[in-house]
Amino acid sequence: MATEPFRKVNNVPAQLSIDGLIDELMTLATISEAEPPVVTRVVFSAADLRARADVKGLCAEAGLTIHEDAIGNTFARWEGTAPELAPVGTGSHIDAIPNAGLYDGCVGVLGGLEAIRVLQRLGFRPRRSIELVIFTAEEPTRFGIGCLGSRMMGGVLSPTDALKLRDKEGRGLEELRLQAGFMGSLESVALPQGRFHQFVELHIEQGPTLEAEGIDVGLVTHIAAPASLRVVVEGEGGHAGAKLMPGRKDALAAAAELILALEATAKGTGTIDTVATVGICEVFPGAVNSIPSRVRLETDIRDTDSARRDGVIDALMKACAETSQRRGISITTELVNADPPAICDAAILDALEESAKAAGKSYKRMVSRAYHDSLFMARIAPAAMLFIPCRGGVSHRPDEYASPEWIGAGVHVLARTLAHLAS
Ligand code: HGY
Ligand code: MN
Ligand code: MN
């Protein structure tokens with residue numbers, strides 16, 4: 001497999017000097033709606049726009065030409081010698097959920113930029129252009145659905161349905177994207193097959209395997225199938241002291257039953273590959289001496305096997321119906337998304353494996369339990385992912401951490417792979 005491009009970049013040093021990249025990651029982390037070291041960066045917030053400007057500045061310094069689509073997906077292009085050919089893409093996201101760390105997504109964006117700069121410093125010239133992509137709203141924080149930007153790029157979320165999305169202040173995508181300065185028709189966001197030749201995303205594992213096994217990089221073969229179900233429980237409110245227990249219609253007590261039923265179902269599928277979480281529980285009116293009359297639950301249900309995942313969703317809906325009937329309260333459900341898993345491209349995985357070998361990095365093929373923008377890029381192009389370890393598998397927390405050695409290994413393998421794919 002070792003072909004010309006590998007030889008061309010064979011003089012990639014064993015340990016890349018990526019201190020510039022580490023500084024850039026630390027600088028980006030200070031652009032947050034929360035007190036550093038906590039990162040919170042919700043799409044279309046002032047922090048998100050400042051972070052975009054920071055990264056676009058770095059891309060411009062590297063001589064990349066920048067284009068933004070109608071919802072802010074950003075494409076920074078390193079022109080190849082055959083610009084008429086479809087480019088090779090890499091990239092990830094820089095938005096972050098509340099109380100997050102600084103590596104989730106950002107390693108793929110700034111690490112992707114560093115991989116391009118490594119190749120530039122080596123005098124490598126890609127035949128196919130290489131495009132770094134910063135996806136809008138990979139996190140579901142604002143609109144309740146993950147991968148908004150890549151979902152629309154992949155044609156999975158239509159402009160009509162995207163326009164129905166609202167944040168908790170009731171503001172819609174249209175208002176917020178225009179306010180953020182992203183114009184153009186939403187129809188132009190969906191990309192055709194062939195717009196990208198191939199796509200490879202660098203990301204922290206967000207799990208413990210690579211660190212526990214002392215392996216440098218993970219080659220992702222499948223991305224687990226995510227789903228989210230909204231559950232609204234409506235009972236009767238009332239005075240916490242005067243309303244006696246018999247005859248109460250307590251929405252939160254009912255919701256508690258559903259949360260435990262979901263946990264039991266996920267634990268009971270016979271495999272650890274099923275996971276279910278209730279990450280949001282909004283209680284109305286939210287007064288200590290008032291019986292909850294309305295509760296909104298946002299549930300996140302995933303599995304590497306979509307049929308097994310759908311079985312968990314069905315069990316939750318049955319529990320809703322049974323609880324509603326037994327307690328005499330209203331429980332409505334709305335399926336926000338239920339996506340199939342992605343199967344990563346064999347040719348890219350082989351190129352990643354060859355690159356890891358050439359870089360002297362240990363590797364293993366593995367599944368991604370987190371979802372990523374590659375899940376939707378795989379709809380329009382051959383796609384795969386490259387993982388690096390993160391300490392203790394911790395992610396979506398301020399103590400998320402990836403060492404410069406781990407990041408350097410990921411950038412090294414990515415640089416070699418991009419050189420190969422772009423040749
Ligand atoms: O939730 C996820 O899997 C991703 O980190 N947004
Ligand atoms: Mn995340
Ligand atoms: Mn991520």
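Me: In this predicted model, where is Phe44 found?
Reply: Phe44 has a positive phi of about 70 degrees although it is not a glycine. At 8% relative accessibility Phe44 counts as buried, the limit being under 20%. As for its place, Phe44 is found in the loop between strand 1 and helix 3 (46–61).

Me: Which value does phi of Cys147 take?
Reply: Cys147 lies in the loop between strand 6 (130–135) and helix 5 (148–153). Its relative accessibility is 0%, so Cys147 counts as buried. Cys147 is a residue other than glycine, yet its phi is positive, near 60 degrees.

Me: Which residues coordinate the manganese ion (ligand 3)?
Reply: In sequence the donor residues of the manganese ion (ligand 3) follow the spacing H-x10-D-x98-H. His93 lies in strand 4 (residues 88–93) and His203 in strand 7 (residues 198–204), so the pair ties together parts that are 110 residues apart in sequence. Both His93 and His203 are buried. With distances of 2.1 to 2.3 Å, the coordinating residues are His93 (NE2), Asp104 (OD) and His203 (NE2).

Me: Which residues are the protein donors of the manganese ion (ligand 2)?
Reply: The donor spacing for the manganese ion (ligand 2) is D-x34-E-x256-H. Asp104 lies in the loop between strand 5 (96–100) and helix 4 (106–121), and His396 in the loop between strand 15 (383–388) and helix 13 (404–421), so this pair ties together parts that are 292 residues apart in sequence. Lying 2.1 Å from the ion, the protein donors are Asp104 (OD), Glu139 (OE) and His396 (NE2).

Me: Is Asp104 buried or exposed?
Reply: Asp104 coordinates both the manganese ion (ligand 2) and the manganese ion (ligand 3), which are 3.6 Å apart. Another donor of ligand 2, His396, is partly exposed, with a relative accessible area of 35%. For Asp104 the relative accessible area is 9%, under the 20% limit, so Asp104 is buried.

Me: Which residues have the most contacts inside the largest nonpolar core?
Reply: In soluble globular proteins, nonpolar side chains tend to be buried together. Here the largest nonpolar core has 76 residues. Those with the most contacts inside this core are Leu25, Leu352, Ile388 and Ile407.

Me: Which residues does Leu352 touch, not counting residues up to four places away in sequence?
Reply: Leu352 belongs to the largest nonpolar core and is one of the residues with the most contacts inside it. With residues up to four places away in sequence left out, Leu352 touches Val200, Leu219, Ala384, Met385, Leu386, Val413 and Thr417.

Me: How many residues does the second, separate core have?
Reply: The second core is separate, and its members include Ala70, Ile71, Ala137 and Leu173. Its size is 30 residues.

Me: What is the distance in space between Asp350 and Leu219, C-alpha to C-alpha?
Reply: Asp350 lies in helix 11 (residues 346–358) and counts as partly exposed at 35% relative accessibility. Asp350 and Leu219 are 131 residues apart in sequence. C-alpha to C-alpha, their distance in space is 9.1 Å.

Me: What area do domain 1 and domain 2 bury between them?
Reply: The chain is divided into domain 1 (4–224 + 341–421) and domain 2 (225–338), with C-alpha centres 34 Å apart. In contact across the boundary are 11 residues of domain 1 and 12 residues of domain 2. Carbon and sulfur atoms carry 56% of the buried area, which is about 900 Å².

Me: Where does Pro285 lie?
Reply: The peptide bond from Phe284 to Pro285 is cis, with omega near 5 degrees. The place of Pro285 is the loop between strand 10 (275–284) and strand 11 (294–303).

Notes:
Residues are numbered from 1 along each chain as its sequence is written. Chains are lettered from A and ligands numbered from 1 in the order in which they are written. This is a predicted model: local features need pLDDT of at least 70, side-chain atom pairs count only at pLDDT 80 or more; totals for chains, interfaces and linings use all residues. Side-chain values use heavy atoms; hydrogens and water are left out. Donors are N, O and S atoms within 2.8 Å of the metal (3.2 Å for Na, K and Ca); water is not among the atoms, so sites may look incomplete. Helices (H or I, at least four residues) and strands (E, at least two) are DSSP runs, numbered from the N terminus. Buried means under 20% relative accessible area, exposed over 50%, partly exposed in between (1.4 Å probe, protein chains only). A nonpolar core is a set of buried Ala, Val, Leu, Ile, Met, Phe, Trp, Tyr and Cys residues joined through side-chain atoms within 4.5 Å. Contact means heavy atoms within 4.5 Å. Domain bounds come from an automatic or database domain assignment. Buried area is the accessible area (1.4 Å probe) that two parts lose on being put together, summed over both.
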